[in-house]
Amino acid sequence: MPALDPVLAERLDQLEKRYLKRRLPEVREGVISFCDNDYLGLRNDHRVVAASVRATEREGAGSGASRLVAGNHILYAPLEKALAAHKKTQGALVFGSGYLANLGAISALVGEGDLIIADKYCHASMLDGAKLSGAKLVRFRHNDMAHAETLLKSERGQYRNCLVMSESVFSMDGDLAPLADLRRLCDTNDAWLLIDDAHGLGILDQHAAQPDVWTGTLSKALGGYGGYVAGSATLVDALPSLARSLVYTTALPPGVVAAAHEALSIVDTEPERATRAMAYARQFTEAMGLPQALSTIVPVQCGEAEEALRLSVLLMEQGILISPIRPPTVSPGTARLRIAFSARHTEAEVEMLIAAMRKLNGRKAA
Ligand SMILES: *Cc1c(COP(=O)(O)O)cnc(C)c1O
């Protein structure tokens, strides 16, 4: 037996004991998912699928190379133009995924001798980007502007450039960052602002304050795959020279690019989809006596990982898929069910979820 397996087996054992071992759950038919990010139901929209099939049949299954070599297909430019128009920026650049967009943008903008100040709840891909950049990373308490300002005032002077990072809609909590306050904070403290819009695009498009850099994904509300960075023309001009996660990876397949463009057109012309998803989220929080939903994401706190796992299994017995969210995705002691609503759901499905959750609450109390 090779020496690798016993070492891994021991690590897995430790995780299993703490209810933290992860498995890749199989997507089963006939189960209603309330935990995916297809908020607008565009993943299976016939127009999106048709656009993808058309482009695949015409252009092939793959792109053949990096965008910098031979993979920069003609379908990219119209998608990037549409993304920039949607985000009200001068330009946009498509990456292989949202993860790669954060990795590439952050490590392109700052490096050793620079400072990153990030919200405590920032997504793992932003933290990985920060690590990769070599910049000094400090984190402020979630949405605590006074804490962010204190850190800026005490640290800023020792570094060359400073990047402040947050999310428009927080992925595991569904709450929102105060974008206008963050903008002001950056303006008065000589810092740049990067906002990850992964769960905002198409749902809550905020333009009250423009960050210097938007990052985001084509794989949530747009229902497909890929990521993007949006901002000034200079930013978009600079990234192909600076962002390694754009340069050293193969471009997205043509069908994926075409699907995202079609989905974005639907987002722009059918705002009622976002309205419906938001209405379901609010219907749920009202029925459950929770604070009003601010986005399509509603966390139900469970405390320990074991409890989140247990509730998830009970829900599955009733035909509802809500995967438990456990550390290290969230802080220890804050394991949860992250419930996500979609325009694709029906009124009856939302009622079914409410009934199932009430039953669980009853059981918890007993
Ligand atoms: C999902 C997510 C990403 C990663 O996007 P992918 O396209 O799935 O790689 C980045 N940031 C946040 C906040 C996310 O929720």
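Predicted model: local features only at pLDDT ≥ 70, side-chain atom pairs only at ≥ 80, totals over all residues.
The axis of helix H2 (residues 46-59) comes within 7 Å of the axis of H10, and the two cross at roughly 150°. H2 and H10 are therefore roughly antiparallel to each other, and their crossing is right-handed. On the H2 side, the contact is made by Arg47, Val48, Ala51, Ser52, Ala55, Thr56 and Glu59. These residues meet Pro254, Gly255, Ala258, Ala259, Glu262, Ala263 and Ile266 of H10. Sorted by class, the contact of H2 with H10 consists of eight nonpolar, three polar and three charged residues.

H10 (residues 254-269) also packs against helix H3 (residues 76-87), with axes that come within 9 Å and cross at roughly 30°. That angle is under 35 degrees, so H3 and H10 are roughly parallel to each other. Here the crossing is left-handed. H3 contributes Tyr76, Pro78, Leu79, Ala82, Leu83 and His86, while H10 contributes Val257, Ala260, His261, Leu264, Val267 and Asp268. Nine of the residues in the contact of H3 with H10 are nonpolar, two are polar and one is charged.

A further helix pair is formed by H4 (residues 98-109) and H5 (residues 124-133). Their axes come within 8 Å and cross at roughly 35°, in a right-handed sense. From H4, the residues in contact are Tyr99, Asn102, Leu103, Ile106 and Ser107. From H5, they are Ser125, Met126, Asp128, Gly129, Ala130, Leu132 and Ser133. The contact of H4 with H5 divides into six nonpolar, five polar and one charged residues.

The ligand is the next feature to locate. It has 15 residues around it, and Gly98, Asp196, His199, Thr217 and Lys220 come nearest. Gly98 falls within the range of H4 (residues 98-109). A backbone N or O atom of Gly98 lies 2.8 Å from an oxygen atom of the ligand. Tyr99, which also takes part in the contact of H4 with H5, places a polar backbone atom 2.9 Å from an oxygen atom of the ligand. For His123, the atom concerned belongs to the side chain: a polar atom there lies 3.4 Å from a nitrogen atom of the ligand.

Two points of backbone geometry remain. Most residues other than glycine have a negative phi, and most peptide bonds are trans. Tyr19 is not a glycine, yet it has a positive phi of about 60°. Tyr19 is found in the loop between helix H1 (4-17) and strand E1 (32-33). Pro327 and Pro328 are joined by a cis peptide bond, with omega about 10°. Pro328 lies in the loop that runs between strand E11 (324-325) and strand E12 (335-340).

How values were computed: Residues numbered from 1 in each chain as written. Heavy atoms only, no water. Axes fitted to C-alpha atoms, helices over the stretch in contact; angles between N-to-C directions. Helix = DSSP H or I, 4+ residues; strand = E, 2+ residues; numbered from the N terminus. Parallel < 35°, antiparallel > 145°, perpendicular 65-115°, else oblique. Left-handed = near helix turned anticlockwise from the far one by under 90°. Contact = heavy atoms within 4.5 Å. Nonpolar A, V, L, I, M, F, W, Y, C, P; charged D, E, K, R; others polar. Near = heavy atom within 4 Å. Polar contact = N/O pair within 3.5 Å; in protein donor to acceptor, adjacent residues only side chain to side chain.
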